[in-house]
Amino acid sequence: MYFSSYGGENTGVNYREFLSKLHAFCLPSSYLGIGTRNGNSFKYVSCDSILIDPHFVVNQNVFTSGRKLSLFFQVTSDYFF
C-alpha cells in the first residue's frame with residue numbers, strides 16, 4: 001500500500017516499479033531525470049542519462065547498470081532549462 005502526497009491511499013503501482021518495467025519494455029537510448037535526489041529511481045535506468053536536482057543526496061551505488069554516460073546537474077530545473 002502506498003500513500004500519495006495529499007494523504008490518500010494509492011492502490012496503484014509504485015513509480016519505481018513502473019519505471020523499471022517501462023524501461024525494460026521500451027529500452028530507451030537516453031533518460032532525463034528531474035528531481036533525482038537520492039538515486040532510488042535512477043538505479044532502474046540502464047541507458048545514458050542526464051539527471052537534474054538542486055539537492056543530490058545519492059546514498060547508494062547508482063553506477064552499476066552498465067550505462068556509458070551519466071551527467072549530474074546540481075541545479076534547479078528552471079535554471080537548467
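User: Is Leu 69 buried, partly exposed or exposed?

Analyst: Buried means under 20% relative accessible area, exposed over 50%, and partly exposed in between (1.4 Å probe, protein chains only). Leu 69 has a relative accessible area of 40%, so Leu 69 is partly exposed. Leu 69 sits in the loop between E4 and E5. Before going further: this is a predicted model, where local features need pLDDT of at least 70, side-chain atom pairs count only at pLDDT 80 or more, and totals for chains, interfaces and linings use all residues. Residues are numbered from 1 along each chain as its sequence is written, and side-chain values use heavy atoms, with hydrogens and water left out.

User: Which residues make the nonpolar surface patch?

Analyst: Like charges are joined within 9 Å, and nonpolar side chains (Val, Leu, Ile, Met, Phe, Trp, Tyr) within 5 Å. Accessible areas come from the Shrake-Rupley method with a 1.4 Å probe; for residues, only the protein chains shown count as cover. Here Leu 32, Ile 34, Ile 50, Leu 69, Leu 71, Phe 73 and Phe 81 make a nonpolar patch of about 610 Å². E3 and E5 are the elements that give two or more residues to this patch.

User: What is the strand order in the sheet?

Analyst: Strands (E, at least two residues) and helices (H or I, at least four) are DSSP runs, numbered from the N terminus. Two strands pair if DSSP finds at least two bridges between them. The three strands form an open sheet in the order E3-E4-E5, with parallel pairing. Strand E3 (30-34) and strand E5 (70-73) are at the edges, each pairing on one side only. Between E3 and strand E4 (residues 48-52) there are five bridges. Ser 30 has Asp 48 in E4 as its bridge partner, and Tyr 31 stands opposite Ser 49.

User: Which residues of E3 are on the covered face and which on the uncovered one?

Analyst: Tyr 31 and Gly 33 make up the covered face of E3, while Ser 30, Leu 32 and Ile 34 make up the uncovered one.

User: How many aromatic pairs are there?

Analyst: Rings of Phe, Tyr and Trp (its six-membered ring) pair if their centres lie within 6.5 Å; planes under 30 degrees apart count as stacked, over 60 as edge-to-face and the rest as tilted. The whole structure has four aromatic pairs. In one of them, the rings of Phe 42 and Phe 72 have centres 5.8 Å apart and planes at 85°, so the pair is edge-to-face. Phe 42 is in the loop between E3 and E4 and Phe 72 is in strand E5, so the pair ties together parts that are 30 residues apart in sequence. Phe 42 is buried at 1% relative accessible area, whereas Phe 72, at 30%, is partly exposed. The rings of Phe 80 and Phe 81 are also edge-to-face, because their centres are 5.0 Å apart and their planes at 85°.

User: Which residues form one aromatic cluster?

Analyst: Phe 42, Phe 56 and Phe 72 do.

How values were computed:
Patches are made of residues with over 30% relative accessible area and no salt bridge: like charges are joined within 9 Å, nonpolar side chains (Val, Leu, Ile, Met, Phe, Trp, Tyr) within 5 Å. A salt bridge is a side-chain nitrogen of Lys or Arg within 4 Å of a carboxyl oxygen of Asp or Glu.
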